[in-house]
Amino acid sequence: MGWINRRPWVAESIPTRLDREATREDLTALTDFVTTHRGVEFYLEPETTATDTTVVAIAHDGEWIRRRTGSPRAAAKLAHRHAVPLYEAAKIGYPERMRAWNRLHPERRFR
């Protein structure tokens, strides 16, 4: 007895697509954040089925932005160019200062 596939057969032929690729504006936003904030660190987030590789840039006070980079190599180049440390978020997590900043700025949760 075989298992019944409840999904339409058409869905199987459609590849998973990312919501969007990294753009020049994403890289520019990260560069602008680095140049306008001090003590910035990059936290690399791997590509998922829904999102391209991303970097969370976190400043000394916990303020942060998340932007797509396209690949870990592009993130590493950007970090090297600006002398910013690059960490793997999946291995070491995010710093407490980011969570503290989020608690002080709840309006950012809905962006």
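Visitor: Is Leu-78 buried or exposed?

Guide: This is a predicted model, and the values discussed here are computed from it. Burial is read from the relative accessible area, and a residue counts as buried when that value is under 20%. Leu-78 has a relative accessible area of 4%, and therefore counts as buried. Leu-78 belongs to helix H3.

Visitor: Which residues does Leu-78 touch, not counting residues up to four places away in sequence?

Guide: Leu-78 touches Leu-27, Leu-30, Thr-31 and Phe-42. With Leu-30, the separation along the chain is 48 residues, while the C-alpha atoms are 8.6 Å apart in space. Leu-30 in turn touches Val-55, Ala-57, Ile-65, Arg-67, Thr-69 and Leu-78, again not counting residues up to four places away in sequence.

Visitor: How should I read a group of nonpolar residues, and which residues have the most contacts inside the largest nonpolar core?

Guide: In soluble globular proteins, nonpolar side chains tend to be buried together. Here the largest nonpolar core has 14 residues, and those with the most contacts inside it are Leu-30, Phe-33, Val-40, Phe-42, Val-55 and Ala-57. Two or more residues of this core come from each of helix H2 (24–36), strand S1 (41–45), strand S2 (54–58) and helix H3 (72–81). Another core, of seven residues, lies apart from it and includes Tyr-43, Val-56, Ala-89 and Met-98.

Visitor: How do strands S2 and S3 pair?

Guide: Strands S2 and S3 are antiparallel, and their pairing has five bridges. Within this pair, Ala-57 stands opposite Ile-65 in S3. The two strands form a hairpin with five residues between them, and Gly-62 in the turn has a positive phi of about 100°.

Visitor: Which residue has a positive phi although it is not a glycine?

Guide: That residue is Ala-83, with a phi of about 55°. Ala-83 is located in the loop between H3 and strand S4 (86–88). Its relative accessibility is 69%, so Ala-83 counts as exposed.

Visitor: Where does Asp-61 lie, and what does its side chain reach?

Guide: Asp-61 is in the loop between S2 and strand S3 (64–68). Its side chain reaches the backbone nitrogen of Glu-63 at 3.1 Å. Leaving aside neighbours within four places in sequence, Asp-61 is in contact with Arg-97 and Trp-101. Asp-61 is partly exposed, at a relative accessible area of 37%.

Visitor: How many salt bridges does a search of the whole structure find?

Guide: The search finds five salt bridges. To read one, consider the two side chains that meet, and then their places in the chain. Glu-41 and Arg-97 form such a pair, at 2.8 Å from N to O. This pair links distant parts of the chain, with Glu-41 in strand S1 and Arg-97 in helix H5 (residues 96–104), 56 residues apart. Glu-41 counts as buried at 17% relative accessibility, whereas Arg-97 counts as partly exposed at 24%.

Visitor: Which parts does the salt bridge between Arg-66 and Glu-45 tie together?

Guide: The side chains of Arg-66 and Glu-45 meet at 2.8 Å, N to O. Because Arg-66 lies in strand S3 and Glu-45 in strand S1, the pair ties together parts that are 21 residues apart in sequence. Arg-66 is partly exposed at 35%, whereas Glu-45 counts as buried at 12% relative accessibility.

Visitor: Which residues are linked with Glu-96 in a network of salt bridges?

Guide: Arg-99 and Arg-103 are linked with Glu-96 in this network. The side chains of Arg-99 and Glu-96 meet at 3.2 Å, N to O. Both residues lie in helix H5, three residues apart, about one turn of the helix.

Note on methods: Residues numbered from 1 in each chain as written. Predicted model: local features only at pLDDT ≥ 70, side-chain atom pairs only at ≥ 80, totals over all residues. Heavy atoms only, no water. Core = buried A, V, L, I, M, F, W, Y, C linked by side-chain atoms within 4.5 Å. Buried < 20%, exposed > 50% of the residue type's maximum accessible area, 1.4 Å probe, protein only. Helix = DSSP H or I, 4+ residues; strand = E, 2+ residues; numbered from the N terminus. Contact = heavy atoms within 4.5 Å. Polar contact = N/O pair within 3.5 Å; in protein donor to acceptor, adjacent residues only side chain to side chain. Pairing = 2+ DSSP bridges. Salt bridge = Lys/Arg side-chain N within 4 Å of Asp/Glu carboxyl O.
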